[in-house]
Amino acid sequence: MTATPRPGTHAAAAANAGARPRAPPRPPAAHAEKDRTDSHVRMAVTLEQAPWLGWILVKALMRFAFMVANNLVAISSYVFYVIVLQPLRVLDRKSFWYIEGIMYKWLLGMVASWGWYAGYTVMEWGDDVKAVMDDEAVMLVNHQATGDVCTLMMCLQDKGLVVAQMMWLMDHIFKYTNFGIVSLIHGDFFIRQGKSHRDKQLLLLRKHLENNYRNRDRKWIVLFPEGGFLRKRRETSQAFAKKKNLPFLTHVTLPRIGATQIILNVLVARQQNGSPAGGDVKELDSKSKGLQWIIDTTIAYPKAQPIDIQTWILGYRKPTVTHVHYRIFPIKDVPLETEELSDWLYQRFIEKEDLLTHFYETGAFPPSQGHREAVSREMTLSNKWIFLIQSFAFLSGYMWYNIFQYFYHCLF
């Protein structure tokens, strides 16, 4: 039997003689030399990136300057045209709101073009909403960032007059943005979030729909049922789900039922004894079939990194494809009673969770029911059309400037 050498003895030293010797500690001078080398490498990388970063900054400033000029001439011209057309509103209300809707669509098209030229494009999946673009519909959309609105402005541009006849339900803070005056004139609804405002806001929404929806020949409504951005509501939603024994959602939050129920109660044409009943009866003429479709809309960003409005304007993010999935439900399949409607909405957002999970894992949405593979459609904007509406905006701005300058000189 061989004795194990004790530490500290000559035998132990001999036993370890064949072991790999440790490198001697590096002197302070060697550390300093390595740090200087790493610093030079980082400096070299930074200097190599400087032209690219400089170009990004210059491009962002140029885009911002153009956006400011675009807003000044386009929004001002829109307001002045609406003022001048007020006599037409009295004589022929339908024609007035048609013209206003066309100008509204052009304005949203200009916003869409900012992202389009930055390389922020849209790929569409699921049902083809062009099939129902002439009918009344509600879009239920998941909400991740301010760029969601810009994405919808882009992908709905090629859907006929949908954008011109659309009503948006958005947070009241948008009322105080540069686009707020346009939305107020068009008849969009600004909703204030919070429990203390909820009941009052729903009453205001009902009144707004009864007075403005069919009176202004609106067809579609865009609604974000989650009531806020994903990052702000996720924890609260998950806590609520745990309390109510509901599914734990990560990519969406549980929807709120209030606004959806008001919209359905007001706009769905119910038949009683062969005649329409329910909300907005005074505006429901013989040609209107009432609300016919619910379009469940799911927006997905690559790597779950949403685009915000600042990125959309300045364009400093690399070109990105945003993916939008549609699923269309006939209104007859949607329950109107509170509890059943709540369950139906929860089920839609559970399905959104599954859709987004599949997308983030595979980079594509799953195929629709009854299909073997999913088919995507690339949404495109016409560069010629964008040029024409931008030219019209700047020419209108120049025209209004000369008109006001003429009257100024006449008066003073």
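1. The largest nonpolar core holds 60 residues, and Met-139, Leu-152, Trp-168, Trp-220 and Ile-295 have the most contacts inside it. Such a core is a set of buried Ala, Val, Leu, Ile, Met, Phe, Trp, Tyr and Cys residues joined through side-chain atoms within 4.5 Å; buried means under 20% relative accessible area (1.4 Å probe, protein chains only). Helix 4 (residues 93–117) gives the largest share of this core, 11 residues. Helices here are DSSP runs (H or I, at least four residues), numbered from the N terminus.

2. A word on the source: this is a predicted model, where local features need pLDDT of at least 70 and side-chain atom pairs count only at pLDDT 80 or more, while totals for chains, interfaces and linings use all residues. Residues are numbered from 1 along each chain as its sequence is written, and side-chain values use heavy atoms, leaving out hydrogens and water.

3. Which residues does Leu-152 contact, leaving aside its neighbours within four places in sequence? They are Met-139, Val-141, Trp-168, Val-222, Phe-224, Thr-297 and Ile-299, with contact meaning heavy atoms within 4.5 Å.

4. Helix 4 packs on helix 5 (residues 147–155) at an angle of about 105°, with the axes 8 Å apart. Axes are lines fitted to C-alpha atoms, for helices over the stretch in contact, and angles run from 0 to 180 degrees between N-to-C directions. Helix 4 supplies Leu-108, Val-111, Ala-112, Gly-115 and Trp-116 to this contact, and helix 5 supplies Cys-150, Met-153 and Met-154.

5. Helix 4 also meets helix 12 (residues 383–411), their axes coming within 10 Å and crossing at roughly 125°.

Terms used:
Buried < 20%, exposed > 50% of the residue type's maximum accessible area, 1.4 Å probe, protein only. Helix = DSSP H or I, 4+ residues; strand = E, 2+ residues; numbered from the N terminus.
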